[in-house]
Amino acid sequence: MSSVPSPTVNRCPDLAALSRAAARDLTTDIQETLRTQDRYTLALAGGSTPERLYALLAAEEEGSLPWSQIHLFWGDERFVPADHPKSNTRMATDTLLEAVPIPDHQVHPMPTHLASPDAAAAAYTETLQEHFADRSRTFDTVLLGLGSDGHTASLFPETGTAEARRSDDAWVRAVTAPPRHEISSRLTCTIPTLSGARRAVFLVAGEEKRSALTQVLDHADPSLPAAQIRPRDTLLWFVDAAARPSSPE
Ligand code: 6PG
């Protein structure tokens, strides 16, 4: 029975410092990993918190990141066109992809141009299965965010039961976000697919995330999807002071 990595919490003064720390961590892991393997697989997070990190990766000194050996995937997506202002692919394109020499065939966005979310989920499952033999060994690093309701990727507390999420036999699902979220139709990797990553790296900033972060880190409340991510080796949290005051309440 493989042991579950305990979370390492990197507390930073603010989002700028958090993004720099996360960029250093990711750049180091990419450089070190590519000493012993010929490609690096990275699943990107959506939302707004990762924007600065992506911009920092884009601004990395020429050659410090071997983009010719990096494959990019997405942990989740809003079922909107890729150029839609709320598209996670659009955000990553604007902040990172347009600025780095990564070959197009190594960029694997979720196919929201397909006729339905279910068709897109099925197609992305095939894409992942072309790159990963099974769900227990997926990405080198998956980047994740945290919603103030404890969701991560597009896995919401209302997305089935905690047990159903944990034992989901799908790689990717089409889900409907609760009405409090602007974009309802979503695509998301499931808990087992995300937990198949070697490293899971959460980026969390802002006071509105404080209560959910306490629930996840201090109480490991399994009813919150973010508390169910169990990567193979490393579970890292980059949090800012607003989300995690020095002494958790
Ligand atoms: C999405 C994300 C989602 C996000 C959180 C945090 O598509 O919405 O993948 O899980 O990470 O909602 O979003 P913010 O970073 O904008 O607070």
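E207 is exposed, with a relative accessible area of 52%. On this scale, exposed means over 50%, buried under 20%, and partly exposed in between, using a 1.4 Å probe on protein chains only. This is a predicted model: local features need pLDDT of at least 70, side-chain atom pairs count only at pLDDT 80 or more, and totals for chains, interfaces and linings use all residues. Residues are numbered from 1 along each chain as its sequence is written, and side-chain values use heavy atoms, with hydrogens and water left out.

E207 sits in the loop between β8 (199-204) and α7 (210-217). Helices (H or I, at least four residues) and strands (E, at least two) are DSSP runs, numbered from the N terminus. Leaving aside neighbours within four places in sequence, E207 is in contact (heavy atoms within 4.5 Å) with A242 and A243.

## E77, a buried charge

E77 belongs to strand β4 (residues 76-78). E77 is buried yet has no salt bridge. A salt bridge needs a side-chain nitrogen of Lys or Arg within 4 Å of a carboxyl oxygen of Asp or Glu. The nearest side chain of opposite charge, R78, is 5.1 Å away. Lys and Arg count as positive, Asp and Glu as negative; His and the chain ends are not counted.

The E77 side chain does reach the backbone nitrogen of N88, at 2.7 Å. Such a polar contact is a pair of N or O atoms within 3.5 Å; within protein, one must be able to donate a hydrogen and the other to accept it, and residues adjacent in sequence count only if both atoms are side-chain atoms. Beyond four places in sequence, the contacts of E77 include S87, M110, S154 and R186.

S87 and H84 both belong to the loop between β4 and α3 (88-95). S87 is buried, with a relative accessible area of 2%. Beyond four places in sequence, S87 touches E77, V80, P81 and A82.

H84 is partly exposed, at 25% relative accessible area. A polar atom of the H84 side chain lies 2.8 Å from the backbone nitrogen of K86. With neighbours within four places in sequence left aside, H84 is in contact with R90 and I183.
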